[in-house]
Every structure is written in structure tokens, then in C-alpha cells.
Amino acid sequence: MEKKRFYITTPIYYPSARLHIGHAYCTVLTDIFARYKRLRGFECFFLTGADEHGQKIEKNALAAGKTPQQFVDDIVEGFHKLWTLLDISNDDFIRTTQERHVKVVQDIFSKMLANDDIYLGKYKGWYCTPCEAFWTDTQVGTDHICPDCGRPVQIAEEEAYFFKTKKYVDKLLKFYDENPKFLVPESRKNEMINTFIKPGLDDLCVSRTSFSWGIPIRENPKHVIYVWLDALTNYITALGYDSDHPELFEKFWQDPECETIHILGADITRFHAIYWPMFLESLGLRKPDREFVHGLLMMKDSKMSKSKGNVVDPYPLVEHFGLDAVRYYLAREITFGQDGSFSPEQFVERVNSDLANSLGNLLNRTVSMINKYFGGVVPAYKGKVTEFDGNLESVANETVKQYESLMDDLKITEAISVVNELVNRANKYIDETTPWALAKDDSKQEELASVMNHLANAIYIAGMLLKPVLTRASDKLFAQLGVTGDLLKYENVYKFGCVENVTVNKGDQLFPRLDAAVEVEFIQNLMAGK
RNA sequence: CGCGGGGUAGAGCAGUCUGGUAGCUCGUCGGGCCCAUAACCCGGAGGUCGAAAGUUCAAAUCUUUCCCCCGCAACCA
């Protein structure tokens, strides 16, 4: 059953350093989904934000000679700049240092404490005294060395609060059973069960005393609330849960008519798929409908890392190639839900092939012919004049159906791919119908008119379906086709032929073809930090 | 036995859940077209779908075992 409203979120990113293309990937894909839902007329609330507490921020701030708040303020400003640059259409931006979040997290903690879901215990771990930091078994390795400073660590204990996960394990498994589509891809669910739940889940540590940059616990202020209880709850504090204005929360979280969707990376699946539903259960709130785990974007041969000097900064990429090319590449090249890799060659090839050669060139040749043969006016729709017309038309209609079904399933890469097939089909249609030959034959004017109409309509549909991805180019495409006013509404994709009697405007090439050698070198220099 | 991802044409990938003529982009070879962005369209060559065994009328796809690569565990979605 189709829901009528959507709440979609990205993870809140950690502002300890600048964002890179991996963050952009997740956020752009989420944005595409949000734009798609809105385009189809659904209400959609899209949230992203920043997770600003923790020891690392405290340390990095100290090193930078700033207060933690100044430090995160500066970095978060960069988040906003990047999201603006990438045309991210988020409705709100939550920061865990905001009053609206802090107060509610404290309330949540109090509730859980009162419910007996949180208790005071001892946290035991490897402690590095000079760094004043706890590390896990895997972090210290077999040599028991601090991963930060390289000095030996000791087992130490500190007082800490814990969340009783064991109390909710059965309910969680039942929830998985009753909601088979909760976690996508499904392999992630098995991973959760086999890796974390079956071996026995430890209670989750939710407070720390070893650093102070966090939300203090009212009942015991020497403790600050530790990461996940602070971070995950952003999804509801941003909507006004437990505030004087809970309207958005009621509308976009509690209402079963709203589908709530979290997009996240594999590394934080465990927290979203196990602890988050438990927290919500403890609070007596609705759980998310879907959690979609996307893959990691790696560099050609290895994961991107600053030390390897192969991090791609999205800014210069967008400045040089344009926003549409970057968004398109991210969505089309890396199958959403699987790991993928970024390579300069792939980037240039994909942009040239799909955007310049196929879509851009199709628009260009079509507009030229409408100018040449019909004085720039798209001929009226006369149904299927030839079998080729009928074929193109049915492919277009089928494309719309497939696209919607794939997008609804968050199969964004495949959805774009079917649109691309329509574009290819339209290019082939030109060869089949040979308009330049029809133009020379007075008896074929009706056929020629129909060909131009069908082309304009096929391009129009492709442009509309790609609008969530190509936030700028789709509008340029419509402008060149002479599509304005009501024709800009999505529902027209169901009315093949509706683009008629409008005047085209030949404009610049939508996507100029890139010189592969030159542009690949440009990106390589970018990655090398030149 | 730490966890996870992957091994499909020269390169990069999809397809694997729901078994049924092996697909896409690029490259390459040949042809076509001339409306268009040296683009577009058609065709060819090129694959024992990592290996083996099993289930089946039928396996890239399901089961089992093995081999190899990569990521996480250290900034990092």
C-alpha cells in the first residue's frame, strides 16, 4: 500500500574534518529520492545534520585552539556550503548541540532511567592514560597499543550507564519477522542476527565520564551521554518530539500514513538496525519503516583515505563539470546498495556516453529538426502514424511505469538506467524514421510531423523522470523544448503527446562532450591535491 | 576459523533474492546515415559467468567444499 507522506533522512555526519565525495554520495542519493517523491506530489520531509559531540571533537578543537563549539560551528558551515552547492533539498538540518536536541535527549535519558531501561554500571576497556581515551579490543590490537599515540594501554574501569538491550532482543526479532522490508538489502538483516544478536548482545554503554564534550545527564552531571543515544535520536528531536511543537513529529513519525526511511552506510547498520528500534520501543514510539544500507564509495584500487592522498573533494569537481554531471554520475555509476569505486575514466566516460552523446545530442538534433522542418513549432499529436511511433510511445509509457516502481524501491541506479534506455530508443527511432528523407517528400509531411512530435514527447518524459537527478539540466531541457506552465507538472508523463504546438528554443549544448584525456588528467590532479 | 563485499568478453559493471536463448557502457573490426555534440544507428569478433562436486528436464542464479582479490578493525558514509 502506498503511503501518502515520506520522512527521509541521511545519517548525521561527524564534523571532525571536511566532507568528501563519500558523504556527498549518500546525501545526493537521499536527495534524489526526496525530490522524486515531491515531484510526484507527495509530501516529503528530508532531514540531514551533524553529530557534534564526543571526545574526538573535543581533542581536535583543542589542537586547533578553538572551543569545541567554535570548532564544530566552523566545520558545519562547510556542510551547509556543500549541500547548497549540490542542490540538496533538505527541509531541516539538525545539530546535536542545538537546544532542541539537547533538552530532549536529556528527557529521553530520564525516561529510560525511570523505566529501568538504563542502569548504572561499570565500563571496562583498554585505557590510554596520556590520551585519556578508552579503546576497544580490536582497536588496541593484539599488542595492546593505543591507536592514537602508540603507547601501551591498560585495562581500566569507569562508572557508566547502560541500556538494557537484552530486555528488547525478542521484540526486535519479532519486529524483523513482521517487517521483512525493514532492512534493505536483506543480507544486512542476516548479518545483524548472526553477527551481533545470536552470539548474545551486550548492554549498550550510553554514558561516559572520561570526557566532557557531550550532553550532561541531569541526574548525574559528571556523565555525558555517549554517542548513539545522542546521535540516533536526532531523527525524532528534529521533528519536535517531546517539544512544545510536536506537529511535525506526529505527522512524519507517528502517523502510520507516513513512511519513514533512514539511509545509512554499512558501518553504522548495527546501531540503526538493532539499538535504534530498541530505543524507540523503550519510548513507546513507532519504528522506522525502512532502513536502506548503501555501499561504500571507494577509489579505484582502495578505499579513499586522506593519508593515501586519493580523496576526491566534491567542490572542484562540481565547479569544473557542473552539478548535474556529478549528481548523475554518483547515482548512475554506483549501484545504490552496493560498494562502488570512483575513477576519473569512469566519470568522464559515463558523462560523455549518457549525458552528452545520448541525451544532450538527442535533444540537440531534435530541436534542430523541428526548427528546420516546422519553423520551430512542435507539431500536434496525431496518435500513431507509423508502427515506429507506436513502438516509441509504448516504450516511453513502459519506462514511466518501470521507473516509478524502481524508484519507490530505492533502486535509483536502475531507475536511471531505464530512462537511459528510452533515450537510446529515441535515438534509434530517428534512424528508423529518417526524418531528413521524409522532409524531401511532400506526401510524407504527416509522418514527419508525427516523428517530431514523438521525439519531443519522448525527450520530455526522459527530462521529467531525470529531474530529481538533473536539478538544473532538466529545466534547460524543458526550456529548449518550449515546455512551460502546466506542462512542467509531473502528471503529464502519463499523457504521451501532450507536448505539442509549443515553440522550441535552440540553446547551448546541454552537456558538451568532454575531452577524455584532458579531463581525466584534471581529475587525477585534483585527487593528488594539485 | 574475527566480520563483510567481490571474482561474469580487453577494461569497468548489471543480472544471482523469484533457475529457463548471458546483458550494458567503453574499446576493437566492418557497414549505414548525414538531423546532431568526430555524434547517432546496424552488424561482427571476443565469455567453459573463480574451481570442483551436488540438486534439477534445465544452474551465472540453489546447496556444499575450496582458491583468489578487496574493505573494516587506524582520519573515513
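Tutor: Start with helix α13, residues 323-333. Ten of its eleven residues are buried, so the helix is largely enclosed by the rest of the structure.

Student: Which residues of α13 are buried?
Tutor: They are L323, D324, A325, V326, R327, Y328, Y329, L330, A331 and R332. Keep in mind that this is a predicted model.

Student: What average pLDDT does chain A have?
Tutor: Chain A averages 90, and 93% of the residues score at least 70. For the complex, the predictor gives an ipTM of 0.91 and a pTM of 0.94. Where pLDDT is low, the predicted coordinates should not be read in detail.

Student: Now salt bridges. How many does a search of the whole structure find?
Tutor: The search finds 35. Take R95 and E52 as one case. Their closest N and O atoms are 2.5 Å apart. R95 lies in strand β3 (residues 92-95), and E52 sits in the loop between β2 (43-50) and α2 (55-63), so this pair ties together parts 43 residues apart in sequence.

Student: Is R95 buried or exposed?
Tutor: R95 is buried, with a relative accessible area of 14%. The cut-off to apply is under 20%.

Student: Which residue does D242 meet in a salt bridge?
Tutor: The partner is K103, at 3.9 Å from N to O. This pair links distant parts of the chain. D242 is in the loop between α9 (234-237) and α10 (247-254), whereas K103 is in helix α4, 139 residues apart. Accessibility reads as follows. D242 is partly exposed, with a relative accessible area of 26%. K103 is also partly exposed, at 33%.

Student: What else does D242 touch?
Tutor: Look at D107. Leaving aside neighbours within four places in sequence, D107 is in contact with R218 and D242. D107 belongs to helix α4, residues 99-114. It is buried, with a relative accessible area of 17%.

Student: Where do K171 and E281 lie?
Tutor: First, the bridge itself. K171 and E281 form a salt bridge with their closest N and O atoms 3.7 Å apart. K171 is in helix α6 (residues 169-178) and E281 in helix α11 (residues 269-283), so to speak of position, they are distant parts of the chain, 110 residues apart. Both ends are partly exposed: K171 at 48%, E281 at 26%.

Student: Last, sheets. How do I read strand order?
Tutor: The general idea comes first. Strands of a sheet pair through backbone hydrogen bonds, either parallel or antiparallel. In this model, an open sheet of three strands has the order β9-β11-β10, with antiparallel pairing.

Student: Which strands stand at the edges?
Tutor: β9 (207-208) and β10 (215-216) do. Each has a single partner strand, so one side of each is left without a neighbour in the sheet.

Student: How many bridges join β10 to β11?
Tutor: Two, and these strands run antiparallel. Strand β11 covers residues 224-225.

Terms used:
Residues are numbered from 1 along each chain as its sequence is written. Chains are lettered from A and ligands numbered from 1 in the order in which they are written. This is a predicted model: local features need pLDDT of at least 70, side-chain atom pairs count only at pLDDT 80 or more; totals for chains, interfaces and linings use all residues. Side-chain values use heavy atoms; hydrogens and water are left out. Helices (H or I, at least four residues) and strands (E, at least two) are DSSP runs, numbered from the N terminus. Buried means under 20% relative accessible area, exposed over 50%, partly exposed in between (1.4 Å probe, protein chains only). Contact means heavy atoms within 4.5 Å. A salt bridge is a side-chain nitrogen of Lys or Arg within 4 Å of a carboxyl oxygen of Asp or Glu. Two strands pair if DSSP finds at least two bridges between them. pLDDT is the predictor's confidence in each residue, from 0 to 100.
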